[in-house]
Number of protein chains: 2
Amino acid sequence: MLSQTTEYALRAMSMLAYSPHELTPTPSLAERTKVPANYLAKVLQLLAGAELIQGRRGVGGGYKLSRPAAQISLLDVVRAVTKIERIRTCPLGLANHGPNLCPLHRKTDEAIARIIETYENVTLQDLIDAPGQNMPLCDEKATTRLRVDPALRRR
Amino acid sequence: MLSQTTEYALRAMSMLAYSPHELTPTPSLAERTKVPANYLAKVLQLLAGAELIQGRRGVGGGYKLSRPAAQISLLDVVRAVTKIERIRTCPLGLANHGPNLCPLHRKTDEAIARIIETYENVTLQDLIDAPGQNMPLCDEKATTRLRVDPALRRR
């Protein structure tokens, strides 16, 4: 239901949020997010197209966030790779429905509204700062490595 | 976000719920749901595979619901065509995460929970019985036609 592409985009952005000022090479990102490299490359293109990340090719190249993690909501990420819009008029174009949605489309619109609500008020920075044992996507080794230099993350 | 296939499956099932005791031919269903016939045929196969509908080929053939509309939730329909499961363990298989989801996957799990919640307690019959001006998927002409014989729908 929540597409693979959406999940991968959220993983990639979460990981990039840990090192917002450095270019992360795609192979490294693929390894840490456990996303197939070819698939990830396409997801990164979508994210770059939505201006959430910026990249540089070649040796030393990679991707980094285009703006601070605190200014990128999870909804921004989801919207960069998939269409998620409230239903405003009858999707079948029925003239007598128009903006008066039928019960089926009212329900579908409700589901969409709830997804939007879940993702819109959470930023990538919120994920990193969330209390708890686990940091997004990080195994123990990576977590330790990332945690020793919090200043770098916040710079 | 909510896939085209999911939307089409919900449309098809809503329409079949209006005439639960008759076989509706696929071309007629395609026309009334405004779904491309080839695409609809595939969706119907998925719904039949999940035993929500049953069909017969040939002249006079088509599909009908396998059980009363009041016993088919929208979640049943959604689950017949797409995977929608709560996240129980780390999708990356990180050993130190396990069932303790990180903030990213807690949030994704929350979105999934909300979709499930929206669809699980509503049946196809609820859609038809919902008060309001519009019946699911029906234009004025069809609505009139369907409304003149409510006994048939409920039989």
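Tutor: Two residues are in contact if their C-beta atoms, placed from the backbone, lie within 7 Å. Keep in mind that this is a predicted model.

Student: What do the buried residues of H4(A) pack against?

Tutor: In chain A, they pack against helix H1 (4–18), helix H3 (37–49) and helix H5 (103–120). From chain B, helix H5 (103–120) joins in.

Student: Why is helix H4 of chain A called largely enclosed?

Tutor: A residue is buried if 20 or more other C-beta atoms lie within 10 Å of its own. Six of the eight residues of H4 (residues 74–81) of chain A are buried, so the rest of the structure largely encloses this helix.

Student: Which residues of H4(A) are buried?

Tutor: They are A:Leu74, A:Val77, A:Val78, A:Arg79, A:Ala80 and A:Val81.

Student: Why are H5(A) and H5(B) called roughly antiparallel?

Tutor: Their packing angle is about 160°, and their axes lie 9 Å apart. Angles over 145 degrees count as roughly antiparallel, so H5(A) is roughly antiparallel to H5(B). The crossing of H5(A) and H5(B) is right-handed.

Student: Which residues of H5(A) meet H5(B)?

Tutor: Among them are A:Lys107, A:Glu110, A:Arg114 and A:Ile115. On the H5(B) side, the residues include B:Lys107, B:Glu110, B:Arg114 and B:Ile115. By class, the contact of H5(A) with H5(B) has six nonpolar, two polar and six charged residues.

Student: How many residues does each chain bring to the contact?

Tutor: Chain A brings 38 residues and chain B brings 38 residues. H5(A) gives the largest share of chain A's side, 11 residues. That side of chain A has 20 nonpolar, 10 polar and eight charged residues.

How values were computed:
Residues are numbered from 1 along each chain as its sequence is written. Chains are lettered from A and ligands numbered from 1 in the order in which they are written. This is a predicted model: local features need pLDDT of at least 70, side-chain atom pairs count only at pLDDT 80 or more; totals for chains, interfaces and linings use all residues. A residue is buried if 20 or more other C-beta atoms lie within 10 Å of its own, exposed if 12 or fewer, and partly exposed in between; C-beta atoms are placed from the backbone. Helices (H or I, at least four residues) and strands (E, at least two) are DSSP runs, numbered from the N terminus. Ala, Val, Leu, Ile, Met, Phe, Trp, Tyr, Cys and Pro count as nonpolar, Asp, Glu, Lys and Arg as charged, and the others, Gly among them, as polar. Axes are lines fitted to C-alpha atoms, for helices over the stretch in contact, and angles run from 0 to 180 degrees between N-to-C directions. Angles under 35 degrees count as roughly parallel, over 145 as roughly antiparallel, 65 to 115 as roughly perpendicular and the rest as oblique. A crossing is left-handed if the near helix is turned anticlockwise from the far one by less than a right angle, and right-handed if clockwise.
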